[in-house]
Amino acid sequence: MTRLTPRGNLLLGLAALVLASMPFWAEPYHMQLASIALVAAMFALSLQILVGAAGLVSLAQAGFFGIGAYTVYLFGGRVSIFISLPGSLFAAAVAAAAIGPLVLRTRGFYFLMASLAFGQMLFFLFHDTSLGGGADGVFITRPTMIWPVSRSARPAVFLLLNLASLSLMYLGLWWLMGTMFGHALAGIKINEDRMRALGHDVQRLKLAAFILSGALAGLAGHMAAVTDAFVSPELLDWHHSAEALLMILLGGIGALHGPILGAFALTLVREIGQSVTERQRLVEGVVILAAVLLLRRGLAGWRR
Amino acid sequence: MPISRRSIVGGAIAASGLLAAPAIAQGAPLKIGLMLPFSGTFAALGESIASAFEMHVKELGGKMGGRVVELIRVDDESDPAKAPANVNGLIGRSKVEALVGTVHSGVVMALVQAAREAEMPLIIPNAGNVAATRDLCAPSIFRSSFSNWQPAYGMGKALAAKGVKKAAWVTWDYAAGKESGDGFGDGLRSGGAELTKVLTVPFPETNFQPLLAQLPGLGVEAVGSFFAGGGAIQFVKDYAAAGLRDKLPLCGSGFLTEGVLKPQGAAAEGLQTALHYGDGIDNPKNLAFRAAFKTHANRDADVYAVQGYDAAQMLGIGLAATKGDATAIKDFAAAIRNAKIDSPRGAFTISASHNPVQTIWLREAKNGENRVIGTAAAALADPGTGCKMT
Amino acid sequence: MGGFLVQILNGLQYGLLLFLISSGLTLIFGVMGVINLAHGSLYMIGAYLTYVVAGATGEFWLALPAAVIGGLVLGAVLERILFQRFRHRDHLDQVLLTFALILLFEEARAALIDNQFHAVQVPPVLDFSVPVMGGFAYSAYRLVVLAICLAVAACMVAFVERTRLGASIRAAAENPEMVDLLGIDARLIHTLVFAAGTALAMLAGALAAPLQSVYPGMGDGFLILSFIVVVIGGLGSIAGAFWAALLVGLIDTLGKVYVPQLAGIAVCGLMALVLLWRPTGLFSRA
C-alpha cells in the first residue's frame, strides 16, 4: 500500500486547512455534512489497515464502530471527553481482541463470512438486548469538553474536533506503515505462506492489525456519537461495514489516503443524489457498479 | 501526484453554500416537511396519513396562514438509524418551516429532538411515543393521534370489566410495543386484573411461531397484543392457524385490525379491539370526511387517515393564528391548545402536554368492519408525567 | 412438553427453509468460488413473484413452478452476464458488486411492483389446521412446506450422489482445476450450479410467502443465517448445509423461546464454537 510523499501530504494538509476555515464562511448544514464525511473517513481509514495493508477483507468493522459509539451511551451522563474517548478505544480494542483469535482462524472466503457473522453478533447484542437501550436507538448526552459548547457553535466545534481526530489518525498510520510492522503486513498481503516460511509470526501480526483496526473503528464510532448525539443498532449492521469497503474502493485500495478521498466522494455523491431523486438505492447501486467496473485503482490512482 | 479530491470537494460545498437561497421572504411558499414511511411494513399507513393531510390542505385552498403550502415528502423507511440524517436534510437542505411525522416510534424521536432544538412546529400524526408528550414535551410539538398508552389502557380496562383476571401481552420489541404494554397493564390493574407475562419479537419480524407456541402454557385467560400494518395481518392469521382463537381470546389496541381486515379474512372475525376510531361513528363530520376521502384517495378512510387529516387541521389552526409565521411559537401553541378540534372521530381537546383527550371506543371486527360496540374509556387523557410545560 | 415438541417442529420447519436457501449458496461458493451477498434478495424476489402470480391467476400453486423456472432463468442470466466475469476478481470487488446487486434488486422491485407489505393467502385446500398437542394446532400448509423441503433435499442428494452431472459438480466443488483437466465443460457446470442455486432460493421465498408475508428486507435475516450455515457446514457440502441448517434452525427457534434476547447471539456463538474446532466447517473436505 502506497503512502503519500511529503508533498502529497502537504496537499492533504491544505485541504484540511480549507475545512478548518469553514466556520468562517460555511453554512451550519454544510459543516454538518463535512463532519459526516470526516467520521466516515475515520471509519474507512480504520478498515484500510486490514484491507489495504494486510489484504484482509472484513465485514465486521461496523461492529467495532458501534461499540465505540455505544460506549459513549453506556458512560451515561456528564462524562468528560477525555474519559469517553479512551474508553471507546479500549472497549473496541477488547472486542477485537476477543473476536480476532476466532475469526483469524479462517482464511479467504471463510474469513469474509465469519467476519460478517461476528459483526452481526455484535449487532444482535445491541439490537435484541436492553444493553444498548433497545432496537430503536437512543439519544445520548454528549460528553463534556474543556468548556461548554452552545447549540449554535456545535457544527463548527464538531467539525474541528473530527478534523483533528482524522488528522491524528492519518498521521499516526502514515508513520506506522513505514515501520517494520507496516512492511510485515504488506508482506502478508502479498504472500502469507511465504511470510510464515520466513519465520514471521503471521497470526500475531494479523491479530495486532485486527485489534488496532478495531480500536480505531471504535474511535470513529465515538466521534459519530459525539457529533450526532444519537446511537442505534444499525451502526453495527453489516451494510455499514460494506459502506466502509465501498469508500476504500472509491478512494483506492492501494493508498493509505484512499479512504479519505473515498469518504468525501461518497458523502458528496449521496448529497447530490438526495437533491436530485428519491431513489437513493438506485444512486448508490449505480455508483458502486461504476466504481467496481471503472475505477480499478480508485480516485487516488486516477492520474497514475 | 494525484490531485487531492478533498480540495475540490471542499470548494464544491463552499460554492453550493454561497448559492443557497437565504431566508424566507414574505409571500414565499410555506414549506412543510412530511416525513412518513412510504415503504416497508408501514407503507400503507404513511400513504393514508399523507393523503388525508393533502386532502385538508386542498380544502383550505392550498394555503395555511395566508401562505401557499408546499409539501415535501420524505420516506423515512421506518428506520431509526436514518432518521437524524433525514430530519437534518429536511431542515438544512430543504429548509422546511414545519414538520409533520411519523409512524414509527423510534423514528419520531429524531423529529422530536430536532423540533425541540430548532423550536420548529411538529405535528405527530401517528407515532405514540409517550416521551413526545411527557418528558420531551415542548411548546411547538403537538400530536393529532394518541399516546401508545391510551388505546391499550382502554383495552385493558375493558378486558378487566369483562371479568378477566390474568392476561398476557404480545408485541414487537420496540418503544410502541413496550409503552402499549404498560398502558394495557395499567388498564387491567384499574379493573382489578393482572398482566402476568409479556412476550416479544424483534421488529419487524413476522416469524411468530416460536411465540405462539408458548401461549397455551402461560395460564392466562386472554392475550392482548399490539401489531400494526403488515405485521398485524400475519399475526392474526397465524394466531388463528395455530388454533388459538377459541381457546385463548385475542384482543389488543385497534391497530391490530385497522385497515387490514380484508387480508386477514376469517381469521379476524369477532376480534375485539380498543381504539379512538372505528366504523359506525355517525356524526356528520365523520360521514362527510369518509365520503370525501373515498373520492380523494379511492379507498376507505381508517384511523391513520383521520389522524393525518386532524394534523393538518391543527397545523392550519396554529398558523392561522400567527398569520403564517412558523416561528411565533407562543401564539401558535396557544391557538391549538385552546381549540376544540372538529375531528371525524368526535370533537376532542388538547391536554396540557399537547396530546388529544379523547374517547377510546371498543370495537368488534364483523364483516370487514371494525364496528363500535361500546366505550372502553371515555375522555381519556395521557398522564403526561414528567412534562415540564404543565 | 407439548409446547417443547411443537417448538422442535417449528425449528425443523425453519431450518429446512434455511437449507433450501443455503444449499444454493454453498454450491455456488464451492463450485465457482464466488461470493454472492445478493442471495437473500433472490429469496425476496421469489416471494414477490409469488405474490404477483398468485394475485394475477388466483392460484398459489402456479407460483411455485414460476419461481423455479424464473430462478433458473435469472440465475443463468446473472451468471453469464456478471458472475462469469467476476469469478477471478478479489473479494472486495465481489462483495461490493453483489452489494450493489442488492440495492438494484430493491429498486427494480420498487419500480416493477412496489415497496409495500403484502399478505399472501395460504391455498384454500390447505387452509386448515391439524391439532398437534396441548391446545396447539399446526397449519397444514406448514406441514406441506416441511415435506416439500425434505423432498427437495432428497432429490438434491440423489442427484449429486447418483448422476454423472452430479458427480461433475461434486468434482468441481472439490477441485475446480481438475475439472478443466478432465475435459468437463466447466462453464456449463458453473451456469447450471448458479441457476440451480438461484432457483432454490426463489423457491424458498415462494414457499415462505404465505408464512411470513412479503415485504422489503425480508431476505436480510436469512442472508446472515445462510452464511452462518455455510461456514458451519463447510463450503461446497450439501450434507453439511443440511445438518447445519437444521441445527441453526433449532438453536434459533429454541433460543427465541427460552432466551429471546440472546437467540441471535447464540447462533453466532454456535458458529464461533465450530470455528474453534473445525475452521473449515464440519463437513468440509479440505
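Biologist: In β11(B), which residue is the bridge partner of S253(B)?
Modeller: This is a predicted model, in which local features need pLDDT of at least 70 and side-chain atom pairs count only at pLDDT 80 or more, while totals for chains, interfaces and linings use all residues. Residues are numbered from 1 along each chain as its sequence is written, and chains are lettered from A and ligands numbered from 1 in the order in which they are written. Strand β10 (residues 250-253) of chain B runs parallel to β11(B) and is joined to it by three bridges, where pairing requires that DSSP finds at least two bridges, and strands (E, at least two residues) and helices (H or I, at least four) are DSSP runs numbered from the N terminus. In β11(B), the bridge partner of S253(B) is A274(B).

Biologist: Which residue in β13(B) stands opposite T273(B)?
Modeller: Strand β13 (residues 356-366) of chain B pairs with β11(B) in the antiparallel sense, over four bridges. Within β13(B), the residue opposite T273(B) is R363(B).

Biologist: Does L275(B) count as buried or exposed?
Modeller: L275(B) lies in strand β11 of chain B, both faces of which are covered, with Q272(B) and A274(B) on one side and T273(B) and L275(B) on the other. The limits are 20 or more other C-beta atoms within 10 Å for buried, 12 or fewer for exposed, and in between for partly exposed, with C-beta atoms placed from the backbone. Because L275(B) has 28 C-beta neighbours inside 10 Å, it counts as buried.

Biologist: What distance separates the C-alpha atoms of L275(B) and G154(B)?
Modeller: Residues that touch L275(B), leaving out those up to four places away in sequence, include P151(B), V303(B) and W361(B), where contact means that C-beta atoms placed from the backbone lie within 7 Å. G154(B) is 121 residues away from L275(B) along the chain, yet the separation of their C-alpha atoms is 7.7 Å.

Biologist: What order do the six strands of the open sheet of chain B have?
Modeller: The pairing in this open sheet is mixed, and the order of its strands is β2-β3-β1-β4-β5-β6.

Biologist: Which strands of chain B stand at the edges?
Modeller: A strand at the edge has a single partner strand, so one of its sides is left without a neighbour in the sheet. The strands placed in this way are β2 (63-64) and β6 (141-143) of chain B.

Biologist: How are α4(A) and α5(A) oriented to each other?
Modeller: The axes of α4 (residues 61-74) and α5 (residues 81-103) of chain A come within 8 Å and cross at roughly 140 degrees, where axes are lines fitted to C-alpha atoms over the stretch in contact and angles run from 0 to 180 degrees between N-to-C directions. Angles under 35 degrees count as roughly parallel, over 145 as roughly antiparallel, 65 to 115 as roughly perpendicular and the rest as oblique. The two helices, α4(A) and α5(A), are therefore oblique.

Biologist: How many residues of chain B are in contact with chain C?
Modeller: Chain C takes part in this contact with 23 residues, and the number from chain B is 24.

Biologist: From which element does the largest share of the side of chain C that touches chain B come?
Modeller: Elements that give two or more residues to this side are α1 (2-32), β1 (129-133), β2 (136-139) and α10 (238-258) of chain C. The largest share, four residues, comes from α1(C).

Terms used:
Two residues are in contact if their C-beta atoms, placed from the backbone, lie within 7 Å.
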